[in-house]
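Reader: I'm new to this one and would like to learn how to read it. Could you walk me through it step by step?

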Amino acid sequence: MKAKVDKNSCIGCGLCEGICPKIFQMNEDNIAEVIVDEIPTDDIVDANEAKESCPVEAITIEE
Ligand code: SF4
């Protein structure tokens, strides 16, 4: 599974990085970036929690 962040929607709150730092990291512009290609199986629950927690629904997770 892969995660994506819509850079135009992200408001830089940092929540996703706080919940799942192995997948999401804030860049120099304070926008979240996905730092892995495939989400490791062990991190899918956390990645989904980050997605659900994003206040602007900027995160999508796809097969
Ligand atoms: S939770 Fe959403 S708005 Fe907040 S930093 Fe992550 S992608 Fe951006």
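Reader: Let's start with Ile 61: in which strand does Ile 61 have its place?

Author: Helices (H or I, at least four residues) and strands (E, at least two) are DSSP runs, numbered from the N terminus. Here, Ile 61 sits in strand β4, which covers residues 59-62. Keep in mind that this is a predicted model, where local features need pLDDT of at least 70, side-chain atom pairs count only at pLDDT 80 or more, and totals for chains, interfaces and linings use all residues. Residues are numbered from 1 along each chain as its sequence is written, and side-chain values use heavy atoms, with hydrogens and water left out.

Reader: Is Ile 61 buried or exposed?

Author: The scale goes like this: buried means under 20% relative accessible area, exposed over 50%, and partly exposed in between (1.4 Å probe, protein chains only). Ile 61 has 16% relative accessibility, so it counts as buried. Also, Ile 61 and Asp 6 are 55 residues apart in sequence and 11 Å apart in space, C-alpha to C-alpha.

Reader: How many salt bridges does the count come to?

Author: First the general idea: side chains of opposite charge can pair when their charged atoms come close. The rule asks for a side-chain nitrogen of Lys or Arg within 4 Å of a carboxyl oxygen of Asp or Glu. That gives four salt bridges here. One of them joins Lys 2 and Asp 37, with the closest N and O atoms 3.1 Å apart. Lys 2 lies in strand β1 (residues 2-5) and Asp 37 in the loop between β3 (32-34) and α2 (44-53), so this pair ties together parts 35 residues apart in sequence.

Reader: Which other residue forms a salt bridge with Lys 2?

Author: That's Glu 38, and the closest N and O atoms are 3.4 Å apart. This pair also links distant parts of the chain, 36 residues apart: Glu 38 is in the loop between β3 and α2, Lys 2 in strand β1. As for accessibility, Lys 2 is partly exposed at 34%, Glu 38 is partly exposed at 43%, and Asp 37 is exposed at 55%.

Reader: And which residue pairs with Lys 22?

Author: Asp 43 does, with the closest N and O atoms 3.2 Å apart. Asp 43 is in the loop between β3 and α2, while Lys 22 is in the loop between α1 (15-19) and β2 (24-26), 21 residues away. Asp 43 is buried at 7%, whereas Lys 22 is exposed at 55%. Back at the other pairs, salt bridges that share partners join Lys 2, Asp 37 and Glu 38 into one network.

Reader: Now the cysteines: how many disulfides does the count come to?

Author: A disulfide is a pair of cysteine sulfur atoms within 2.5 Å. The count here is zero. Take Cys 20: the nearest cysteine sulfur, that of Cys 16, is 8.6 Å away. Cys 20 is buried, at 2% relative accessibility.

Reader: Last one: how many residues surround the ligand?

Author: A residue is near a molecule if one of its heavy atoms lies within 4 Å of it. Here 13 residues surround the ligand, and the closest are Cys 10, Cys 13, Gly 14, Cys 16 and Cys 54. Cys 10 is buried too, at 16%.
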